[in-house]
Every structure is written in structure tokens, then in C-alpha cells.
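Please look through the following model with attention to how its chains are built and how they meet. The explanation after it moves from one chain to the next and ends at the contacts between chains.

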Amino acid sequence: MSESRLREIWLQSLHHRSFVIGIILSFFTLSMGLVSLFWTPYSVELLNIPHKLEGASATHWLGTDHFGRDVFSMLMVGAWNSMLVSVIAIGFGAGIGVPLGALAAGKRGWVEETVMRFNDFAFAFPALLTAVMLSAVYGPGTINSVLAIGIFNIPVFARITRGSALSIYKREFILAARTAGKGEVRIALEHILPNIASVLIVQGTIQFALGILAEAGLSYLGLGTQPPMPSWGKMLSEAQTMMFFAPQLAIIPGLAIVLTVLGLNLLGDGLRDILDPRLRRQK
Amino acid sequence: MKSTIRRYVKLLLISGSTLIFSGAAFAGESHLTMGTVLEPPHLDPTAGAAAAIDEVVYANVFEGLTRINQNAEVLPALAKSWDISADGLTYTFHLQNGVIFHDGATFDSSDVVFSLERAAAENSTNAQKALFAPIASVKAQGPSTVVVALKTPKGNFLFNMGWGDAVIVDPLSAGSNKSKPIGTGPFTFKRWVRGDRIELGQNANYWGVKPALKSATFKIIPDPAAAVAALMAGDVDAFANFPAPEMAAQFQSDSRFIVKVGSTEGETILSTNNLQKPFDDLRVRQAIAHALNSQEIIDGAMFGFGTPIGTHFAPHHAAYVDLTGTYPHDPQKARQLLADAGFPGGFKATLKLPPPSYARRGGEIIAAQLSKVGIKLEIIPVEWAQWLDQIFKNKDFDLTIVSHTEPMDIGIYTRPTYYFQYRNPGFNAVIKSLNVTSNPKRRYALMGAAQAILAKDAVNGFLFQLAKLGIWNKNVSGLWENSPVQANDLTGVSWKN
Amino acid sequence: MTIFLVKRFFALLITLLVASLIIFLLLEILPGDPASIILGVGAQEDTLTALRAEMGLNLSAPERYFRWIAGVLTGDFGRSYTYDTPVSSLILERLSLSLPLAFLAISLSTLLAIPFGVLAAANHKHFSDTGIMGFAQLGVAVPNFWFAILLILFFSVKLGWFSAGGFAGWEMGLGAALKSLVLPAVSLALPQAAILARVTRSAVLETVREDFVRTARAKGLSRNSALWRHAVRNALIPVVTILGLQLSFLLAGTIIIENVFYLPGLGRLLFQAIAQRDLVVVKNIVILLAATVVVVNFLVDMFYLALDPRLRDDTHE
């Protein structure tokens, strides 16, 4: 990529409204999560039962929960937890899905047919259903949600990789590379991957958002992250019986989820507009 | 003119509201919807340990020779009276006449013989076979007399015959009681919508005093948040064991409801695998006892409902000895004991938690308390089925939290293969002499001695006695305030008008 | 075309076969012995053996698998371990709630999404477009269970219009039953509607650019008639595809939403069966859900074919 193209992208980005909002929101969550690794206002393992269910104050910015834990600190640690689960799940899904998709596009024929059938099959199992089955076998836990969301990500990445790679395999430079005796793996790595990278980044951002939603759902049901590790979904389920006298406990974690997912989706939309040349030409 | 209209409107409003109220009173007069947390796996109390079975059918659908009331007194039921021989070995039960089962079969002494022999049999699937172990023989003397001979005298035999596990069933319907229970009680089983509710109807041929209620629905609501909503919305009239103590204050301030805090037989304990290292070391168990702060657990997990205990015994029982001071909350001492036991830096262990909030919330608090003295617990939530399988059956655990709700169950500590695997010949000797002692004063002394041994040995972390939090419509009366046995006896329940 | 149909149909069968195999393998290696769970902890070994025989647990794995599949095909799903009733009747009981709920949610989301999506497309880059898409963007980001909690907080706790959960039952009358399904259906429908509205908008925008719409306009059709007559009809293809895909999310969504509102539906039955280790119930519900999704996607493909003749020749893209 030339320097002028980068510059062009950068300028365009700054003028893209949803991209800017998206990056601000995502940066906010990310920094909350990162800071939680070094510092939180209070330890999330510190129970302070005499100070339970307090409202927002100078000492506890977002109040305390039913164990007297600091809600803001839990939110910070929860942010890290959500992002970690989602990112590993993307790594898992892309790590298997992208090679599968490239294989399908490169080989065509029965290989492609098999991969696509496998895709259909995997689509029949939403992350939640997979997680329910996994937790029946291995019990609930964070690894459970990573696996379930990761498995769900495989067909998504396989499909998008195949779709974008098909058109690239038809290009002349691939033929040239083949005649030059380059192996399939090398072709995929050197020619296909760079050309579909932008599409994958956009999809990755969207899967990131979906992963955060799924993780919240799984922990809400008690299938995901386990105590004492705080997670947004668990904070919501714990708050539900206290809704009558402490509604803020149910509202705050939900807002955190919405803002994060919104930020990532806006970021993804913005990236698509900026990176995808096809769409840009159409505008 | 204006005032006439106003009066007319007022009249309309009043008549309208009386209509509404009389409607409500009519609808509520003879039907009760009771919320319950656990769905029974089936409805045969003679073939399952689940308390949820008794909570639906005990005293309502099925009856035994005797029955237990909410003050733990033994009352006549299908046996209208009994004679006990001087040596305490022979019980002669005189049965009620004119009793028929819900399917029309006649009840007589042969049903009693069948039920007791079935429960005591070698291949019995009764969950409380121990209750029937002292029985040597059951013989009918004519249709309305049964003679039960015991191997050894059993002080609380009549109480035991009042358990749900000892109800009388008919040989013809015994096999199908799981899905279609047929008993002699004042309510008949009507319908079970799995996962949602169980409906009971009136037994028009009931032999005894007919209850005020003509029908009842047990609505299964496992989720505490949903239980709150159901009560608020009036979907259920009562929740005998309300699962969300955090909402009690809210209901107390609401004039539509009555909140009753009663006692249960539930000793809630941090069960410890006494054979598992390092918990086989008394100093480690003592350290845990010193690290625990029962009051904090009661405040945090139960929102203040519960009584601290120092041993495995119900505080409302006359023979109870307050041993909460045996190992007072003292983290410093706990660390010292751990160091003495060879764990100056503490150790790691697992804490398996069944679904109720006393366990799940209590577990988080306990993990925080023990981590302060260096014991790092990994929390593993388990469902009841897994709990029974892994912990109760296979003893695959370090620590767990559970409420032992059977009445007078201190005897479980004599069973060497019981899941916490406590073995102390001295304790067994005390219980052995208790079983053959009938003098009440001597019995109390022995019970006190047994309690003291358990407390000193710090067998388990003794946390608190579970409170029974009952919340119901203020117009409902006659529900049990205490739970000497796990039951929702509806025979005395009525609506006030 | 026929070849494509046959091929597609075989693919469907193979997908179902693989799904059933995976479910079987995953759930048959579950730790824990169902027999001892049913009988409780005091059970004798011989009673356990008898029960295992009764439940067919002593047969070889392939034999068990074939019995299961044969049963499923003839509508015999076996007996529930914990409830001791036929699984088919359990499932039917629950479907009487889950199907109407899914139907309500799908109708609601379609009725909301398509008009708004078209409206946004028709006013491309205008105020209403931005507004609608802003809402849609927000809708996609809201977890349905949190939205459900907010609905309860507002409509049940504050206003007292709806009960916060539970199902009145159809025998209490249509009104009462529907009333208990309103909030669950809304919370299921909103995120779906948001996605659908976005897809509708971009699909309509895409077709508007195509030649036949331009031709229609050139022939003198007004902008709006061209939009509705041609663009919207053709935009239906991607919209229906997304609807088909959403079905699997909807089915999964009912697991969580039925838990929030404690509705006795299929999703909750599945969740409870997992907790109680009722494997017979679990494997049958999961295969049923998977089969529904696969079959619906197959039907969507057929619909595709019927709607857009251009696709009939190209079997691959």
C-alpha cells in the first residue's frame, strides 16, 4: 500500500462519522479493560457486606452491588473479560474458518461442496445451543463460551473467505504464480490473504461485537464466566431480583454492553466503507 | 344536578368495585396457587429423596399412619389410634374405617402391610430405607388393625411413620404413582404440566374433615426473579419457601402480603470431605472454622435471615446447645493453625456449589473469607443431579455448601460412607446409647454430648440454620410457618373474606 | 434445475445425518450415570442394572444410535428419564408456547423491519433514513435479555401493565395467553428487526441501481411505484435469506428469553433437561432444533430459486 493511499484512508476516516464514534467508544472500552489489569478503584474480590447496595457516591462512582463490591471496578474487569473471550473466539474461528474458505475457493469441486455443507451444518448450531451442549458435558466455564463462540465463528469466516477469494483466484496474477511453480499454500498466503485482509478485518470487527453479545448471554444464563471473576452478563442476572430497589445494578452493565457493541459495529461499518474498494466506487 | 351526577358516578364506582372484589373473593375462596422453586422429578414420595415431591403430595394427596403438624407433633392419620407394648417393641395401629383411595380401591390393613413391607424390602427404592430398618414384621389382624414388631425399641418410630416416605399406597396403583399419584388424602391429582404446574382437585369421598380449599395449583418457578414477579402480579397466592430474601423488606412494606419468618430443619453447612487431604487434619478444619464469619454470610447471602449454628443441630430444638463460640471468627488464629498444619502460605481447593442462592451466594462470600487466611477456593457451580452424582455418591469434592433439611439428622455423622466421610467411634458410641435410651433427660444429655463432639471436631463448617421465608396474600391463612418436615400441608388453609 | 434440487436435497439429508451423529456422540459421553440419578443415591446395584436395561443403556452404541434415529423418524422420541413420560408429549406441550412465541416475534420483526427498511431506502441519505438506521444500529447492539429486563422494569414494575413473567396458559383465554407473550415477543423481535431493517434497506438500494428498475422508471413509472413494484420485490431475496438465518438465532434466543420470563417453552425445557441430565430430552430437542434450521434454510434456497430465475443456472454462487 502506497503512502498516499494510507494518507487518503486516514483523511477519509477522520471524516467518517460512524467510524469516529465507533473508534471513540471502542477505545473507551478497551482502555477500561486494559487499565483493569493494573488498577481498579477497589479489588473485585473484596466483599464489603456492611456497605452493600449503596448508590453512586464519591467513594463508589457507580455504587456497590449486593456484596458491597465496587460496581465500577467490576465493570472494568468485566470489560477485559468480555473482550478477551471474544478475541480468542475470533482467533479460533478465523484460524479454522479462513483456511477452510481459502481451500474451498482454491480447490472447488467436492472439497468446496464439503466445506460449504459443513458450513450449513455449523450454522444450524448457534453459539448458545453449542454452549448448552458443551456445558452439559464439561460443565459451565469461560473456556466453554470461548469454544462455543469460536465454533460459531468458523462458518462465518469460511463463507466470507471463500466468497472474496473466489474472485481473486480468477485473476491473472494467480495464474502467473501457479505457472511460476508456487505452491497452493504460498499462493494463499502471499496473494490471496493480503487481498482479502480488509474484508476479514471488517468481518472480525462485527464478530467481535457479536462475541461480546454472546458472552454476555452465556454468563447471564450461568454457562459462561464463573465467580469470582466478574462479567457483564452475570452482573445482569444477579441484579434481576434487586430490580425493585436497585434498578441501577441492572441498567449499568447493560449500558456497558450496548455502548461497546455499538462502538464495534460502527467501527466495522466505517472500516467497510473506507477499506472496501467496491463499495467506495459505488458511492 | 352536578352532585347527583357525582353521586351516580360514585355509586357506579362502588358497585363496580364490589363486583370486582366479590369476583376476586369468589375466585380465591376455594383455590390456592402456591409457588414452589423445585419441580419434583416425579410424584411418588416412597421412591425418591427429592423434597419437592413431599412439598406437593404430603398430607394433600398421600397420607401415612401418622402425620406431623407444623409444630413437629405426631398426630393420628390413617391410624386413628395406637397401642405400644411396655418393652417398646410392638406397635398396634387401629386404622380409620371407610377410607377409599382416589381410584375407588378400599383402604384396609393389607395396604399398610404392603406399603411398609415394600419400603423395608431388600430391593426397595425408598429413599429413607433407614426409617424402616427397625421393623421386624408387619402383620394384619383383621381389616382394620395392624401390628408392627420392631427389632429394637425406636423412640421416634411414630414420628418416622409420619414422614412422606412412609405414606400408605395401594398395591394396584403403587407402580404408577410417579406420574399419576393415587392416595387417600383430601386432594386428588389432576394434571401435571411439566415445567410449569401441578394441579390438585377435591377428593369428594374424603374420609376426614374436608379442607376449605377445593383445589390447588403448585406453580413451579425456579428463578428467584420470576418468583418476585409472580407474587407481585398475583399469579401465585403464596410462596411457602420464598427464594429471594433480598426482596423480603419490599414485601413486608406491601400491605397486600404477609411475610412470615419461620424455622426449618435445614442446617446449612460447609460440607468438608474429611478423608481428603488436607481436610483430614483437624487443624485445617479448625482453621476454616476460625476463618468463617457466619453472620457475614447470613447478612450477605440471606439478607439477614438465618441463625448462626455451631454444630449440626436445629436451634429451635429443646436439646440444642449453643456452640457457636467453639471456634469464633479469628483470621489470625486461622493462619496460625494453617501454619502449624504445614500450610504457612495456605493452599488451593475446590468449592462445589449446588443451585440454591444460599449456596451460590454463600459460596462467593466463603471464598472471600477463606482467601483472607490463604485458602484459595475455585468455585465450581453444579446442578442438583451432578451434586448427587459427584459429591453425594462418589465423594468427589473438597468442599461444598448444602442445607440438610431432614429433621433430627445428627445420626448421619455415624455413617462412615456418608459423603463427608466423618469417622469417630466416640461419636458413634454416643448415638448408639441415644438410640436405646428413652429417658428424656438422659436423651437430651446425650444429644448435647453428640453436638459438642461435632463442634470440637469441626467436622464441617457449621454456618447457619436456614430460615423459612414464607410470603403470601394477606387473606390466606393456615399455611405452615415452620417446616418440621418438608411439606406444604394445605388441609388447614383457607381464605379470609 | 432438477439436478440442483436433488443435489441440494441429498446435502440436506447428509447434514442431518452428521448433526445427529455429533449430537449422539457428544451427549452419550456425558459424565454421570442417568440410572443412578433417577433412583437417587441409595439405589442398589441390581436395581440400577435393571433400570439401565429398561432404558436401553446396556446396548452397544451403534445399536442405540439406530434405535434413536428409527424412533425419531416414526415420531417416537423415547421416554424422559426424569419425568417418566414420552418425550414427544413433553415437546408438544412446550411447542404450544414456543411456536406461537416464535411466530409472534417473527411477524413483529418483519412488520417493523420491512416498512422501515424500505422507507429508509426511499429517503436515502435524508433525515428519516439516518434516524431509522441510527435506531437500527442501536437495536443491533442491545442484548435481547437486557432489553427484556428493561421492559419488565418499565411495563411491569413501574406501570404494572404486564406480568413480569409466567404464562397464563391457553385455557385462560386467548387474551390472557397473548398478554403474557407480548413482552417476550417484543424483546425477541427488536434485535431481529434491527438487522432485518438494515438488510432490507441495503437490498432495496442495491436493486434500485439495477437496470430493470431504471427501465421501469424510464417507462414512466413514478419513483415510488418503481420502488415498490420492482425494487422491493427483488429485494425480498436477501431479506428472506436473512429471515431464514435468523430463525436459528430466534430458536436459540427463546432459550434465554424463556428463562428471563420463565415461560414453559421448548428452550426452557432444554435448559432444565440439561440441568437434570435428562439426556433423552436434550438430544431430541437439539436434533429437532437443528433439523428445523436446516430444513428452513433448504426451503429458503427453494424460495430463492422460485423468486429469482436468474439463479437457476448457477448452482455455485
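What distance separates the centres of domain 2 of chain B and domain 3 of chain B, taken over C-alpha atoms? Those two centres lie 34 Å apart. This is a predicted model, in which local features need pLDDT of at least 70 and side-chain atom pairs count only at pLDDT 80 or more, whereas totals for chains, interfaces and linings use all residues. Residues are numbered from 1 along each chain as its sequence is written, while chains are lettered from A and ligands numbered from 1 in the order in which they are written.

The division of chain B, with bounds that come from an automatic or database domain assignment, gives domain 1 (2-43 + 185-256 + 474-495), domain 2 (62-176) and domain 3 (265-467). Chain B contains an open sheet of four strands in the order 4-5-7-6, with antiparallel pairing; here strands (E, at least two residues) and helices (H or I, at least four) are DSSP runs, numbered from the N terminus, and two strands pair if DSSP finds at least two bridges between them. Strand 4 (79-84) and strand 6 (135-140) of chain B are the edge strands, each pairing on one side only, and the twist from one strand to the next averages 20°. Between strand 4 and strand 5 (residues 90-95) of chain B the antiparallel pairing runs over five bridges, and B:Ala79 has B:Leu95 in strand 5 as its bridge partner. Helix 3 (residues 109-120) of chain B lies across strand 5, strand 6 and strand 7 (145-150), and runs at about 160° to strand 6 of chain B; such angles run from 0 to 180 degrees between N-to-C directions, with axes that are lines fitted to C-alpha atoms, for helices over the stretch in contact.

Some backbone details of chain B belong to its loops. The peptide bond from B:Lys277 to B:Pro278 is cis, with omega near -5°, and B:Pro278 sits in the loop between strand 12 (257-272) and helix 8 (282-291) of chain B. B:Lys395, although not a glycine, has a positive phi of about 55°, and its place is the loop between helix 12 (384-393) and strand 16 (399-404) of chain B. B:Met408 also has a positive phi, near 45°, in a residue other than glycine, and is found in the loop between strand 16 and helix 13 (425-435) of chain B. A residue is called buried if 20 or more other C-beta atoms, placed from the backbone, lie within 10 Å of its own, exposed if 12 or fewer do, and partly exposed in between. B:Lys395 has 16 C-beta neighbours inside 10 Å and therefore counts as partly exposed, and B:Met408 is partly exposed because it has 16 other C-beta atoms within 10 Å.

Chain A has eleven helices and zero strands, and its C-alpha trace spans about 75 × 50 × 30 Å along the principal axes. Of the 283 residues in chain A, 55% are buried. Two residues are in contact if their C-beta atoms, placed from the backbone, lie within 7 Å, and among contacts in chain A between residues at least 6 apart in sequence, 71% join residues at least 24 apart.

Two packed helices are described by the angle between their axes and the distance between the axes. Helix 8 (residues 184-221) and helix 10 (residues 248-275) of chain A pack at about 170°, with axes 9 Å apart. These two helices of chain A are therefore roughly antiparallel to each other, a word used for angles over 145 degrees. Their contact includes A:Ile201 and A:Phe208 of helix 8 and A:Leu264 and A:Arg272 of helix 10. By class it has 14 nonpolar, five polar and one charged residues, where Ala, Val, Leu, Ile, Met, Phe, Trp, Tyr, Cys and Pro count as nonpolar, Asp, Glu, Lys and Arg as charged, and the others, Gly among them, as polar.

Chain C touches both other chains. Its contact with chain A takes 36 residues from chain C and 32 residues from chain A, and the side of chain C that touches chain A has 31 nonpolar, five polar and no charged residues. The contact with chain B takes 31 residues from chain C and 29 residues from chain B. Helix 11 of chain C gives the largest share of that side of chain C, four residues, and by class the side has eleven nonpolar, 15 polar and five charged residues.

Key: Angles under 35 degrees count as roughly parallel, over 145 as roughly antiparallel, 65 to 115 as roughly perpendicular and the rest as oblique.
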